[in-house]
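Have the structure open in your viewer and follow the selections below in order. Two stops are planned.

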Amino acid sequence: MKILITGAQGFIGKNLVAQLNNIKEGKAQYPALPSEIKILEFDVDTDPTLLDEYCQQADFVFHLAGVNRPKEQSEFMEGNFGFTSTLLDTLRKHDNYCPIMLSSSIQAELDNPYGRSKLAGENAIRRHFEEPRTKSQEPSGKSQVESTKSQVGEAFIYRFPNVFGKWCRPNYNSAVATFCHNIAHDLPVQINDPAVEMTLVYIDDVVHELINCLTGKANRVNDYCQVPVEHQIKLGAIVELLYNFKASRTNLQIPNMADAFTKKLYSTYLSYLPETNFSYPLKMYIDERGSFTEFLKSPERGQVSINISKPGITKGQHWHHTKNEKFLVVAGKGIIRFRKIDEPSNIIEYPVSGEKLEVVDIPVGYTHNIENLGDTDMVTVMWVNEVFDAEKPDTYFETV
């Protein structure tokens, strides 16, 4: 199967090409799509003569090319309608009426230069399939993968709202990309009206829908197709989330990954970090016994810390009413001891070692300690079910 992608180096195009390559290489599975696919990439820098060759070969066209921020308003019509017309003329030259997916915009409903140019592109695509259609050429009901160029395909027109995700250009046509870039690079952001509600679709959801379209499973709603997963959120709330992501490197608070939009926005934000700023330091509390370092915190999931004990050192010697922990020794060897606070002679011992990763639960009501029995530092990953609160520590000293 040969797939022509115009605008292949654009935001959506790069993500789509990457996933189609994953399918070709067996790294991603879409059972309805054959792995024997060839991607014909066409972009503004591609040799224009290749368009003729690609239009002759194509079994499916993703028409993603377009103009968003031209120097002159006349370029809207030239880029969005003019190139679409060239593409369709070249396909007709080869009697190729394979299916075409068109990347349009919700602005096609608006009476502005950009919206009018996108609407003109939509109408050109529709006419392309309406004019040659006869009864004998009506779609056979086969999936798009099974279609041949001797059949007349159909148009899949997507009026995308705001698309966000990795590889989107900041300061171009995406407020989310601009906000992510500026906040990650310590640059100011400007919000004219934080109450403006935006409709957003995430790039992975877009790509998934486009591959569904390729396999004949497009999410069609009346005359248009759409990405089934949309997010509505106010502009000010987006910026607030992004600043929270930035602060998480110092307060160690994990964003609420249970919220689908927050999870997608956080992934997007990280993709805009400067390449010299992927890492960030943690505060280590160091003394003669070793060190203790908080790593991650979450109001819903507690916190994770890293404890390092020097040889022969015992730490702990306390118990909790409600707070509970999990210990995982990942380097060195030692022993964890427990006893119920009202049973002074009944001591329970659990040997631990980095050579055998095993989680030890620390139940409430048991005083406990952990001792390094080795000759090297013992490293323990510790999880506790609540973020430490100095005013309510729920920690009571008592030797095991």
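This is a predicted model: local features need pLDDT of at least 70, side-chain atom pairs count only at pLDDT 80 or more; totals for chains, interfaces and linings use all residues.

Next, show the lining residues themselves: His63, Ala65, Gly66, Asn80, Thr84, Leu102, Ser103, Ser117, Lys118 and Gly121. Coloured by class, the lining divides into 7 polar, 2 nonpolar and 1 charged residue. The volume of the largest cavity is about 50 Å³. How many cavities of 30 Å³ or more are there? The count is 1.

**Stop two: a helix crossing**

Clear the selection and pick helix 1 (residues 11–24) together with helix 6 (residues 203–214), whose axes come within 10 Å and cross at roughly 60°. Helix 1 is therefore oblique to helix 6. Looking along the crossing, you will find that helix 1 passes helix 6 in a right-handed sense.

Now show side chains at the contact. On helix 1, select Phe11, Ile12, Asn15, Leu16, Gln19, Leu20 and Ile23. On helix 6, select Ile203, Val206, Val207, Leu210, Ile211 and Leu214. Colour this contact by class as well: 11 of its residues are nonpolar and 2 are polar, with no charged residues.

Conventions
Residues are numbered from 1 along each chain as its sequence is written. Side-chain values use heavy atoms; hydrogens and water are left out. Axes are lines fitted to C-alpha atoms, for helices over the stretch in contact, and angles run from 0 to 180 degrees between N-to-C directions. Helices (H or I, at least four residues) and strands (E, at least two) are DSSP runs, numbered from the N terminus. Angles under 35 degrees count as roughly parallel, over 145 as roughly antiparallel, 65 to 115 as roughly perpendicular and the rest as oblique. A crossing is left-handed if the near helix is turned anticlockwise from the far one by less than a right angle, and right-handed if clockwise. Contact means heavy atoms within 4.5 Å. Ala, Val, Leu, Ile, Met, Phe, Trp, Tyr, Cys and Pro count as nonpolar, Asp, Glu, Lys and Arg as charged, and the others, Gly among them, as polar. On a 1 Å grid over the protein atoms alone, a cavity is a set of points where a 1.4 Å probe fits but cannot get out, and a pocket is an open set with protein on both sides within 12 Å along at least five of seven lines; lining residues have an atom within 4 Å of a point. Grid points are joined across faces, edges and corners, and a volume is the space filled by probe spheres set on the points.
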